[in-house]
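Thanks for coming. Please have a look at the sequence and the model on the screen, and then I will go through some parts of it.

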Amino acid sequence: MRVLIAPDSFGETLTAVEAAAAIAAGWSAVRPDDQLIEAPQSDGGPGFVDVVAAAGGTVRTTVVEGPLGVGVPARWLLDGTDAYLESAQACGLGLLGGPPTPRTARDAHSRGVGQLVVAALDAGARRIVVGLGGSSCTDGGRGLVESLAEGFGSADAAVARLRAVELVAATDVEHPLLGEHGAARVFGPQKGADPGTVAFLEDRNTAWAGQLHRATARDVAAEAGAGAAGGIGAALLALGGTRESGAHVVAQRTRQDRQLASAQLVITGEGRLDQQSLRGKLVIALAAAARRRAIATLVLAGQVLLDAADLDRAGIDDALSLVDHAGSVELAMSDAYAQLRDLAAAAARGWDGAAARQ
């Protein structure tokens, strides 16, 4: 059987490349005759640059201001005049130096992402794709806008410079900036925000959305993807950017259609398969693409919080939880590679030929 192994990253525990290697190791130990194609994926979040770099180009490193002000080396890709940036490289949760807290949720910013945009423009980029996801900040992209203004002398100069390029927000979610499904209320708690901090972040982003609207004459607060990466999506859209699915950007660059064409099974995964996954995450996009080709999809995720009806609607034939397999969240995270490898082996032993039933 020809098996396409195409996972996203597992949060901060495994990159997409590491996850693909673990799944391949476990599956091949049980089914050595299967042909495995490792194709790590990303929907714009952590690992985006590594995944798109596999298709060519030159990876560069620029030291930028991290989410709490400490300089961090951020990797980005230049391929001809196309630049691929990753918000998590400049303001990711892993750059906080410890667990997120209400203080870091308030203080973390996106200045480093703006500095990456400046670096890409200075390098001659004509198309800049910013992968959004995994951020520690909820600043609505204010830091990004401020650093762009500093980089080009003023906000007006930065806007004029950006008009000459194609700016793309590659989002991992469809959430708006504000409201019940917005950046602060949905993602703030994951970034350390307690209820009081969530309310503070919502109010701050509401005021910032008004400033963006007045400055750019574009009201982006309710647009799909504006809430991505703590609202960096809103800033990019207000600056004239367009939104594309991060999963679609990666699929095009990695020629996913060609890989799917000959596959009989797709194995994908992510850290948490839940209701948020249904709002534009890579696993769901890949399962839908596989279903259109009558290919079975198996998901191996850190946690599986969707019911059987959700899985069926998403085109997922089976979904297995790493936490359930390991017996605890702690072991699933501390020994992630080995646990995912062993879960893949168990899945291979129990695979009942769902691909043949399509």
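Before the first pair of helices, a definition: an axis here is a line fitted to C-alpha atoms, for helices over the stretch in contact, and angles run from 0 to 180 degrees between N-to-C directions. Helices (H or I, at least four residues) and strands (E, at least two) are DSSP runs, numbered from the N terminus.

Two remarks on where the values come from. This is a predicted model, in which local features need pLDDT of at least 70 and side-chain atom pairs count only at pLDDT 80 or more, while totals for chains, interfaces and linings use all residues. Residues are numbered from 1 along each chain as its sequence is written, and side-chain values use heavy atoms, with hydrogens and water left out.

Now the first pair. The axes of α1 and helix α17, which is residues 336–350, come within 7 Å and cross at roughly 40°. Angles under 35 degrees count as roughly parallel, over 145 as roughly antiparallel, 65 to 115 as roughly perpendicular, and the rest as oblique. So α1 and α17 are oblique to each other. The crossing of α1 past α17 is right-handed; that word applies if the near helix is turned clockwise from the far one by less than a right angle, and left-handed if anticlockwise.

Contact means heavy atoms within 4.5 Å. On the α1 side the contact includes Ala-19, Ala-22, Ile-23 and Trp-27, and on the α17 side it includes Leu-340, Ala-344 and Ala-348. Sorted by class, there are 13 nonpolar, one polar and three charged residues in the contact of α1 with α17. For the classes, Ala, Val, Leu, Ile, Met, Phe, Trp, Tyr, Cys and Pro count as nonpolar, Asp, Glu, Lys and Arg as charged, and the others, Gly among them, as polar.

The second pair is helix α6 (residues 142–152) and helix α7 (residues 155–163). At what angle do α6 and α7 pack? The angle is about 90°, with the axes 7 Å apart, so the two helices are roughly perpendicular to each other. Leu-148, Ala-149 and Phe-152 of α6 meet Ala-155, Ala-157, Ala-158, Arg-161 and Leu-162 of α7. By class, the contact of α6 with α7 has seven nonpolar, no polar and one charged. Just after α6, Gly-153 has a positive phi of about 95°.

Next, burial. Buried means under 20% relative accessible area, exposed over 50%, and partly exposed in between, with a 1.4 Å probe and protein chains only. The buried residues of α6 are Gly-143, Leu-144, Val-145, Ser-147, Leu-148, Ala-149 and Phe-152. Among the elements that cover them are α5, α7, α9 (195–216) and α10 (232–238).

From α5, take Arg-111. Is Arg-111 buried or exposed? Its relative accessible area is 14%, so Arg-111 is buried. Leaving out residues up to four places away in sequence, Arg-111 touches Glu-65, Gly-143, Leu-144, Glu-146, Ser-147 and Glu-150.

That leads to the cores. A nonpolar core is a set of buried Ala, Val, Leu, Ile, Met, Phe, Trp, Tyr and Cys residues joined through side-chain atoms within 4.5 Å. The largest one has 51 residues, and those with the most contacts inside it are Leu-85, Ile-128, Leu-144, Leu-148 and Ile-232. Helix α5 (residues 111–122) gives the largest share of this core, seven residues. There is also a second, separate core of 26 residues, which includes Val-3, Phe-10, Ile-23 and Leu-300.

Val-266 sits in strand β9 (residues 265–268) and is buried, at 0% relative accessibility. Setting aside neighbours within four places in sequence, its contacts include Leu-4, Leu-260, Leu-286 and Leu-298. Asp-8 lies in the loop between β1 (2–5) and α1 (16–30), and is buried too, with a relative accessible area of 6%. Beyond its neighbours within four places in sequence, Asp-8 is in contact with residues including Ala-16, Gln-41, Ser-42, Thr-268 and Glu-270.

Last, backbone angles. Most residues other than glycine have a negative phi. Arg-255, in the loop between α11 (246–253) and α12 (256–261), has a positive phi of about 55°. Ala-294 has a positive phi as well, near 60°, and lies in the loop between α13 (282–292) and β11 (296–301). At 43% relative accessibility, Ala-294 is partly exposed.
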